[in-house]
Each structure stands twice: as C-alpha cells, then as structure tokens.
Amino acid sequence: MPAADERRVSAQPVRCGRCGTTALVAKFSPQHTSVQWTLAAAVGCAEFRAARAAAGGGGAPSEGCAALRDSIDAAVASGRLTVRPPAYE
Amino acid sequence: MVDNVVDMAHFFYIHFAFPTYFKNVLEGHVATQYLRTKARPDVAGASNYAAGGESTLHSDASYFGPSYMIDNLKQDYQGMTVESVLTNCHYPVTPTSFMLQWGVIVRRPPGLSDSQAARFGSKFAKFVGVGFEQDVAIWLNKTQIDNPLLCAEDGPVYQLRRWYEQFYTDVADIEPDMVARYEFEIDTTQPVAGWEAEVAGNLALRRAAADESRGAG
C-alpha cells in the first residue's frame, strides 16, 4: 500500500447545469481545480457521451466537460464552492 | 518515470519552455497530459520545447497502461505547423534499472521533394529527441520517494500512483478509485508571469555583459 497524501482536502459536490451529473471538486486556489468523477457520473455526462460516440471508443479520454467547468466557475462565483488550500494536519 | 506526466513546473526548468496550459486526466487505464508551451527566449533552439522565436508546442500525451506512452505533438514555428508523434515505452529489467525505447514519426510537410522531406524528418525527429532526452537525464538520476510532501500547486502525484496500482492488482480486485475519472488543472498565468520576469532578468544580464565586453574591447 503506497503512502498517503498528507494534505487534507475538502472536495465539494458540484452539479452540472447541463445534464445534472455531479462530481467532487476541490479548488486550492483560483488557479487550481481538481475534479473526481465516479464511474457512473463519467458515463452519464452528456458531453462525454457525445465525445465517446464521435471518437468511437479507444484513444485518450475527453479533455474535459465545458458545461461542468462553467458550473464550477458559477459555484465559485456564488460562494457555493469554497476556494481553500489543503490542510496539513 | 511515470510521475513525469503530472509535473507542470519541469517544463520551464528541464525543457526550457513556458507551460501556458496544463491539465491531467486519469481515466480507466489511460493517464493523459494536455499541454501547451511556448519557447523561452533566453534558451533558444535547444529542442522542440524551446525552438526559439515565437515557437509554440501543443502536446497531448497519454500513457496507455503502465509503460507505454503516445505523445501527439503539434509545433507552430514561424507560421509553419509540424505534426509529430513521440512514442516511448519502458519496463523494468532489474530491481534498479529499466529498458527504455522510443521513436519519433514526423508528418511530411507539403511541397517538399523526397530528399528534402527525408532531411527535414530526420532533423525534426532529432529535435524532438533532444526534448525527450532532457527527461531521460532526470530519470537516470532520480529515485522514488514514496511519500513526497506536496504543496497546493503540485501535480496529482498520489492520484497518479493510485491509478498506476491498477496494473499491479488482479483485475477482479481493481478499486473504483484506481480507474474513476480524475482531472487536475492548473491555470499557469501566474507562474508564467513570474518565469517571464526571471527570463527578462536573464536577458538583461546577458545584454549588460555583452555591453561590458564590447566596452572593454
């Protein structure tokens, strides 16, 4: 079992305004964004579904979902998503 | 070696380029780095990352599994776009060493004769090779740290290593968090501004030194 990240991260759910899919998002700073999807959410995302259909399987994953990105920015702007660096204890 | 894929800052220090866009996506058995860079004007002509002038590079690099990467490269240099693909693979051969193999293919630019195209391809492939060998120099001298202490802006080293674990796990025992989609993105505007100031300082020092030697001569 590898060592664990000592940083304590509080990821928060963000619901996509386009298709309602929810992912866990952490913003350590205005510049940083990390998004943890569940397997089901990545299957359900409307943009990814369209990208998979267009690509016909295989290859690299989609670079990202623009609609979720907009929802993350909106959540930060409205204060629903807190921008917070990780804690070390 | 695989940690390299989540390292944004090394593009400035190792490849002599400003990383203007950086994102990682880990999903299933694929780990991808989406990258754009522009050349550092104080280190010109060294490699595909630092081609000098107004050169920019667009790179989509994916590990398909633990040891096999395909890097799709698009270089814009003086109004010309050159597409190439860098492929590399590496596997351990002893507890302390690995076999590394790599190759480059370059798309033939239109309008060149066969011999011109051959010369161009060979020259450009070497150029890409110089960039790759900058990483190799690091790999030859690095050791694994199991518990790196990361700052907020570091790349997703732990998530990448969790992703990597799926290849050393029986398929039936692969955990969802090894394969579920994870994205890391860092807006590099702020670090690039800092690096540009550093580069401007380097160029000013160089100019001053050149003026001084001219004055002395």
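I looked up V93(B) first, and this residue counts as exposed because it has 10 C-beta neighbours inside 10 Å; a residue is exposed with 12 or fewer other C-beta atoms within 10 Å of its own, buried with 20 or more and partly exposed in between, the C-beta atoms being placed from the backbone. I worked on a predicted model, in which local features need pLDDT of at least 70, side-chain atom pairs count only at pLDDT 80 or more, and totals for chains, interfaces and linings use all residues. Residues are numbered from 1 along each chain as its sequence is written, while chains are lettered from A and ligands numbered from 1 in the order in which they are written.

I placed V93(B) in strand β5 (residues 80-94) of chain B, where strands (E, at least two residues) and helices (H or I, at least four) are DSSP runs numbered from the N terminus. Leaving aside neighbours within four places in sequence, I found V93(B) in contact (C-beta atoms, placed from the backbone, within 7 Å) with F98(B) and M99(B).

I then turned to chain A, where β1 (residues 12-15) is joined to β2(A) by 4 bridges and runs antiparallel to that strand; strands pair if DSSP finds at least two bridges between them. I noted P13(A) opposite L24(A) in β2(A). In the hairpin of β1(A) and β2(A), with 6 residues between the strands, G20(A) takes a positive phi near 85 degrees.

I also saw that β2(A) is joined to β3 (residues 32-36) of chain A by 3 bridges, again antiparallel, and that A26(A) stands opposite S34(A) in β3(A).

Methods: Contact = placed C-beta atoms within 7 Å.
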